[in-house]
Amino acid sequence: MLPVDRVFCSLSKEMPDMTPCMPILDTYHTPRLLGLKLREAYLDSQKMAKAQLQAYYRYQVDGLEVGLGPSETPENMLGCRVIYPQDDVPIYGEPPIKELEDIDKIPLPEVLNKQLIPIEILSKEVGDKLFIAGVVSAPFEYACILHGFSQTLRDLRLRPGFVNGILERTTEISRIYGEALIRSGAHGIKIKDSVAASTIISPKDYRTFAQPYEKEILGRFKKMGAKTILHICTDSTPILKNMTETGADALEIDYIVDLKFAKALIGSIVCIKGNLAPVQLVLQRRPPEIFRATRDAILSAGVGGGYIVSTGDSIPRDTPSENVLAIVKATRKFGGASSLT
Ligand SMILES: [Zn+2]
């Protein structure tokens, strides 16, 4: 089976010949593989794509992910200042939406051809054999960027109608970005809703302010024929069932969730992607321990298929390559269909 077919098979909750391996290799770690500082990769579409391709050449994973490349004005995203540290992930400045009337000042984005260069390169170079996921922020995550994280959390109580107004606008933004990535060759879209974690908002708030909007855009992407993955950081145990109601093909769950519990609860409804601890395990431990943890994850969630081996979140920037390779080697050793059916 080709890697892309393996991933499609798992996303359909079936058992491929081999459990696919697709740890979260995003622009946090991959620039290192080319000796680049993170800022260089974030601000150069060609370098961003080359770093992702290098992750495949180095690790032989079954799929890659990439977001949009930089716009003409990368320091300004939808009216929000973005700071690119030399060698770290971007930081968002003063949120542009303070009052209701500010929502209309946020223009619906126009995706430029140059922003699609990374997905186009990946699609052209390896899209016939690897699964290529485009990545966008979910509407609630964009709302927290554009209205400010703490203010958004306060306004869930104080001005819920205002927050819903912002979410209607950010749903359009996520939709436009995701649709552009699909049109440029992405097999699927992953939406990230980091701030919808149960460590940050209550399950009730998740069902009110995050889930309906996730469902809306995931539905749009599915209509275009794309597969869909929903990522929520840290703990999502109390909302796992609600997350499946979004219609996502896979839930990307983080290390705090008990993988066996998740498999028993939702494994018949949705594909599970996860959930090796990126920092405590993959960055900080040695390959033999990572190898054993990957084996345990496969035994917990891989039986019968519908599982993709992954980290629970981004592989950290300075993770040694042999640690990532330990995940891949364990998957190839223990992930075969014959031992999991
Ligand atoms: Zn995350």
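Helices (H or I, at least four residues) and strands (E, at least two) are DSSP runs, numbered from the N terminus. The structure shown is a predicted model, in which local features need pLDDT of at least 70, side-chain atom pairs count only at pLDDT 80 or more, and totals for chains, interfaces and linings use all residues. Residues are numbered from 1 along each chain as its sequence is written.

**Figure 1. Overall fold of the protein, with 14 helices and 10 strands.** The radius of gyration, taken over C-alpha atoms, is compared with a globule rule of 2.2 Å times the number of residues to the power 0.38. For 341 residues this rule gives 20 Å and the protein has 19 Å, so it is as compact as a globular protein of that length. Along the principal axes, the C-alpha atoms fill a box of roughly 60 × 40 × 35 Å. A residue is buried if 20 or more other C-beta atoms, placed from the backbone, lie within 10 Å of its own, exposed if 12 or fewer, and partly exposed in between; 50% of the 341 residues count as buried. Two residues are in contact if their C-beta atoms, placed from the backbone, lie within 7 Å. Of the contacts with a separation of 6 or more, 72% are between residues 24 or more positions apart.

Figure 2. Buried residues of α3 include M48, L53, Y56 and Y59. The cover over the buried residues of α3 includes α2 (38-42), β1 (63-66), α4 (117-126) and α13 (321-334). Q60, which follows α3, has a positive phi, near 55°.

**Figure 3. The open sheet β2-β3-β4, with antiparallel pairing.** Edge strands β2 (76-77) and β4 (91-92) each have a single partner strand, so one side of each is left without a neighbour in the sheet. Strands pair if DSSP finds at least two bridges between them; two bridges join β2 to β3 (residues 80-83). M77 lies opposite C80 in β3.

**Figure 4. Strand β5 (residues 131-137), a mostly covered strand.** Seven of the seven residues of β5 are buried. F131, A133, V135 and S137 point one way, whereas I132, G134 and V136 point the other way. β5 pairs with β1 in the parallel sense over four bridges, and L64 has I132 as its bridge partner. Five bridges join β5 to the parallel strand β6 (residues 188-192), where K192 stands opposite S137.
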